[in-house]
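Subject: Structure for your review

Dear colleague,

Please find below the structure that I am handing over to you. My notes on what was found in it follow directly after.

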Amino acid sequence: MASKNNVVFGDEENQLSGGTNRVQTCSSTPRKNTIDDEGKKPNFLSFSERLGVPDFFCLDVWRASMGELLGTAVLVFMLDTIVISTFESDTKMPNLIMSILIAVVITILLLAVVPVSGGHINPVISFSAALVGIISMSRAIIYIMAQCIGAILGALALRAVVSSSIEDTFSLGGCTVTIIAPGPNGPITLGLETAQALWLEIFCTFVFLFASIWMAYDHRQAKALGHVTVLSIVGVVLGLLVFISTTVTGKKGYGGAGINPARCLGPAIIRGGHLWDGHWIFWVGPTIGCVAFYVYTKIIPAKHFNAEYGYKHDFVGVVKALFGSNV
């Protein structure tokens, strides 16, 4: 039976209406203790239940994470291939072509992975969903680990099919803040200042969550628009952010906002070198952006976002449960 909570990117127990291959929840929390569809206040949940500890021991959750692993592997392979091929071509606007292709690829991959695991393929979505409470923090940790492993496999696959010269020139399409280039008086550093890159990462992550993922989290919009439309919007917004971040700076050496730490991690581990320079920005920036978006969801009127009492895995609820509060 389809759930009334039509939340895209959500827990599999609340997956798309009419969807198939939904992973059943393994939480030991009885249904009566969770927040119902009318938003009535739930009974007290323990810290382990709020945190979703049973998910660590649930085979179906680990099986679902395979969708995240393979989806992220394909994502990294495809996106990095797009980055390399567009800049290798003779087109006058490689950034625009690259952004359009990225939007199409992301939309297709999300549509493929959503019925399996919820379709995150990005630590930003998993962490944000955990903060909001759509999935448990335990499930988010499992998904993020799978995404990072998938990104490494995707980078390995790309390295196996490109020539060494292309690998050296494009650094496997990885995320770069600066590069070392030959200059008239010796090697010079090209790229973006650390502070600028960090702010871009924060802003782009917040805009990504606010302008697209918000629709997936809000069960009303997800139901009204349909998951194909919502996921298409997600792809378009990401494509626009890639285009903006790679053109507005005009800095050679800066690879644009990552907005996906796993995608940046894969090539960095496989290729190494200067890809580690400023790599922390592609983790810290999105983390701050996710927290800022979560604060936003707590500021707006509660009934404008899901139900009056939110989700059972909401981060504030987890903290309250840690200190034994039932408020």
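I begin with Ile 121, which is found in the loop between H3 and H4. Please note that this is a predicted model. Ile 121 has a positive phi of about 45° although it is not a glycine. With a relative accessibility of 4%, Ile 121 counts as buried.

A second residue of this kind is Ile 259, in the loop between H9 and H10. The phi of Ile 259 is near 55°, again a positive value in a residue other than glycine. Ile 259 counts as buried, at 1% relative accessibility.

Overall architecture

The protein has 12 helices and two strands. Of the 327 residues in the protein, 53% are buried. Among contacts between residues at least 6 apart in sequence, 73% join residues at least 24 apart. The protein exposes about 14,600 Å², and carbon and sulfur atoms supply 66% of that area.

Annotated spans

The unreviewed UniProt entry carries the annotation "transmembrane region" for residues 69–87, 96–114, 144–162, 197–217, 224–244 and 280–297. Two of these spans were examined in the model. Residues 144–162 are 95% helix and 0% strand, with 27 Å between the end C-alpha atoms. Residues 224–244 are likewise 95% helix and 0% strand, and here the end C-alpha atoms lie 29 Å apart.

The largest pocket

The largest pocket holds about 830 Å³ of space. Its lining comprises 42 residues, and those nearest the centre of the pocket are Val 83, Gly 174, Thr 176, Tyr 254 and Gly 255. Which helices each supply at least two residues of the lining? They are helix H2 (59–88), helix H3 (94–117), helix H6 (164–170), helix H9 (227–247) and helix H10 (261–271). By class, the lining is made up of 20 nonpolar, 17 polar and five charged residues.

Helix H10

The buried residues are Pro 261, Ala 262, Arg 263, Cys 264, Leu 265, Gly 266, Pro 267, Ala 268 and Ile 270. They pack against H2, helix H4 (123–132), helix H5 (137–161) and helix H11 (281–299). Just after H10, Gly 272 takes a positive phi of about 70°.

Is Ala 257 buried or exposed? Its relative accessible area is 7%, and the cut-off for a buried residue is under 20%, so Ala 257 is buried. Leaving out residues up to four places away in sequence, Ala 257 touches Glu 201, Cys 204 and Ser 245. Ala 257 and Gly 285 are 28 residues apart in sequence, and their C-alpha atoms are 9.6 Å apart in space.

Two further buried residues

Ser 99 is found in helix H3. At 5% relative accessibility, Ser 99 counts as buried. Not counting residues up to four places away in sequence, Ser 99 touches Gly 239, Val 242 and Phe 243.

Arg 50 has its place in helix H1 (residues 47–51). Arg 50 counts as buried because its relative accessibility is 15%, which falls within the limit of under 20%. Apart from its neighbours within four places in sequence, Arg 50 is in contact with Leu 45, Tyr 311, Lys 312, His 313, Gly 317, Val 318 and Ala 321.

Yours sincerely,

A colleague

Technical notes. Residues are numbered from 1 along each chain as its sequence is written. This is a predicted model: local features need pLDDT of at least 70, side-chain atom pairs count only at pLDDT 80 or more; totals for chains, interfaces and linings use all residues. Side-chain values use heavy atoms; hydrogens and water are left out. Helices (H or I, at least four residues) and strands (E, at least two) are DSSP runs, numbered from the N terminus. Buried means under 20% relative accessible area, exposed over 50%, partly exposed in between (1.4 Å probe, protein chains only). Contact means heavy atoms within 4.5 Å. Accessible areas come from the Shrake-Rupley method with a 1.4 Å probe; for residues, only the protein chains shown count as cover. On a 1 Å grid over the protein atoms alone, a cavity is a set of points where a 1.4 Å probe fits but cannot get out, and a pocket is an open set with protein on both sides within 12 Å along at least five of seven lines; lining residues have an atom within 4 Å of a point. Grid points are joined across faces, edges and corners, and a volume is the space filled by probe spheres set on the points. Ala, Val, Leu, Ile, Met, Phe, Trp, Tyr, Cys and Pro count as nonpolar, Asp, Glu, Lys and Arg as charged, and the others, Gly among them, as polar. UniProt positions are given in the numbering used here, feature names are shortened, and annotations may be inferred rather than shown by experiment.
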